[in-house]
Amino acid sequence: MFLGGQSVSLLGDGLALLAVPLLVIQKTQNPALAVLASLPGSAGYLAAGLPAGVVADRVDPWRLLIGGDAARAGLFAALFWLTGAAAPAGLILGLAFAAGVVTVFSDTALDIAVRDVFAGPRLVTANSWLESASQGGQLIGPAAAGLLAAAGLLHVSLLIDAATFGVSLASVAAVRGGYRLTRSPSRAPVTARALLGEVTDGIRYLAASRLLLTLLVFVLVLNFCLGADKLIIFFARSTLSLPAGQVGLVVTAGGAGGLLGAVATSALCRRLGSVAVITACSAASGLALLGISVATSALVLLAASAAYFWAIVAASVALRAWRQAIVSRAMLGRVTACWRLGGQGVTLLGGVLAGVLAAVTGSPRPVFAAAGALTLMTAAVAWGAGLRTAAADSGPPAAGTATGPSPGAEPGPGPR
């Protein structure tokens, strides 16, 4: 019931992915505002990533989930009402960004709750379930929003999204009594100095573990290379001169690849272990980027795009479960927040740089080739720098509950 309710809300998020930018375009015809309307999630992490980690480690994560679902249900219901009342675009953007900030707190709490409820090898299965729902939402949601827009009912997408958060809220409330905290909420005073100290503790915790630090640097470089995938649509339309219908198929193939990656991760981790899956799938995404760089037809681009998103999503699911298993429960919120904040930041930087380099070189091909080569090199270096040892120590996951490393110590093998 818990995973089902969360999955429904993730499916609903796919509606807002297209509905909010389209509504802003309808009201303003301003491309800059349309871009802003597509960035509430990224902006939320840049604005509230670190505070969300501190709060999630201090309080009952279950209450954060309940509060987050209630707040987002109210925000999207308000957006539905405002879009039918000729509200200014600025107010719509403000509420959308507020929902993005709330999502940061909810997502951080969700990582902790999943770790508490699904200890041991079930972590990968639970994360695979949630990521499958997220990928499914990105496939189904925009298509449904497009159909509603064609029928003149685009704003109804926001009401449906509000309803999905209502479903999630009901499921969380229904199972709340069976949830057991593995750590009591902090009673430390809430002061600026105390909060800053807790953020610093989280950063020190990351820096104290060579394995975690190696993996973090690895992930940051990979996310930087991920910025190149923002050029896939431009590459298909402008470089290969594909018609709009074929461009849509390429995008759909990427979504389908991501969904298959999420579904397959659990079986891969059972066979190989999470660390090996993270490294192998990251390297596979580099090969897929190289394939995109040499694509000369829609079929090749479609296959390479599907392979790329399959590999990226599989690596992401395995990484999330592995991080939940080895990081100390007391530090999980702060580590997760730092991780995601860094990832969002470098992905945004990588996307901007990819666009600039494509403009300078006159083609996205060298950008895809460089990103693919850097990804492969980073995977090889990280494997030699510590991931190979971690994979050998852990092997395929086994039953049990993982405990995180203490500052200054390497994480124990534990289940992945």
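In the predicted model, helix α14 (residues 332-361) comprises 30 residues and spans 42 Å from its first C-alpha to its last, close to the 44 Å expected at 1.5 Å a residue. The residue that follows α14 is G362, whose phi is positive, near 85°.

Helix α14 packs against helix α13 (residues 298-326), the two axes lying 10 Å apart at an angle of about 150°. Angles over 145 degrees count as roughly antiparallel, and α13 and α14 are therefore roughly antiparallel to each other. Their crossing is right-handed. On the α13 side, the contact is made by L319, R320, R323 and Q324; on the α14 side, L332, V335, T336, W339 and R340 take part. Classified by residue type, the contact of α13 with α14 contains four nonpolar, two polar and three charged residues.

The crossing of α1 with α4 is left-handed. Residues F2, Q6, A16, L23 and K27 of α1 meet W62, L65, D69, F76 and T83 of α4. By class, six residues of the contact between α1 and α4 are nonpolar, two are polar and two are charged.

Residue D69 of α4, one of those that meet α1, also forms a salt bridge with R72, in which the closest N and O atoms are 3.2 Å apart. Side chains of opposite charge can pair when their charged atoms come close. Both R72 and D69 belong to helix α4 (residues 61-83), where they are three residues apart, about one turn of the helix. With a cut-off of 4 Å between the side-chain nitrogen and the carboxyl oxygen, the count comes to six salt bridges.

The α3 side of the contact consists of P40, A43, G44, Y45, A48, G49, P51, A52, G53, V55, A56 and D57. These residues meet A96, F97, G100, V101, V104, F105, D107, T108, A109 and I112 of α5. The contact of α3 with α5 has 15 nonpolar, five polar and two charged residues.

Notes. Residues numbered from 1 in each chain as written. Predicted model: local features only at pLDDT ≥ 70, side-chain atom pairs only at ≥ 80, totals over all residues. Heavy atoms only, no water. Contact = heavy atoms within 4.5 Å. Helix = DSSP H or I, 4+ residues; strand = E, 2+ residues; numbered from the N terminus. Nonpolar A, V, L, I, M, F, W, Y, C, P; charged D, E, K, R; others polar. Expected span 1.5 Å × (residues − 1). Axes fitted to C-alpha atoms, helices over the stretch in contact; angles between N-to-C directions. Parallel < 35°, antiparallel > 145°, perpendicular 65-115°, else oblique. Left-handed = near helix turned anticlockwise from the far one by under 90°.
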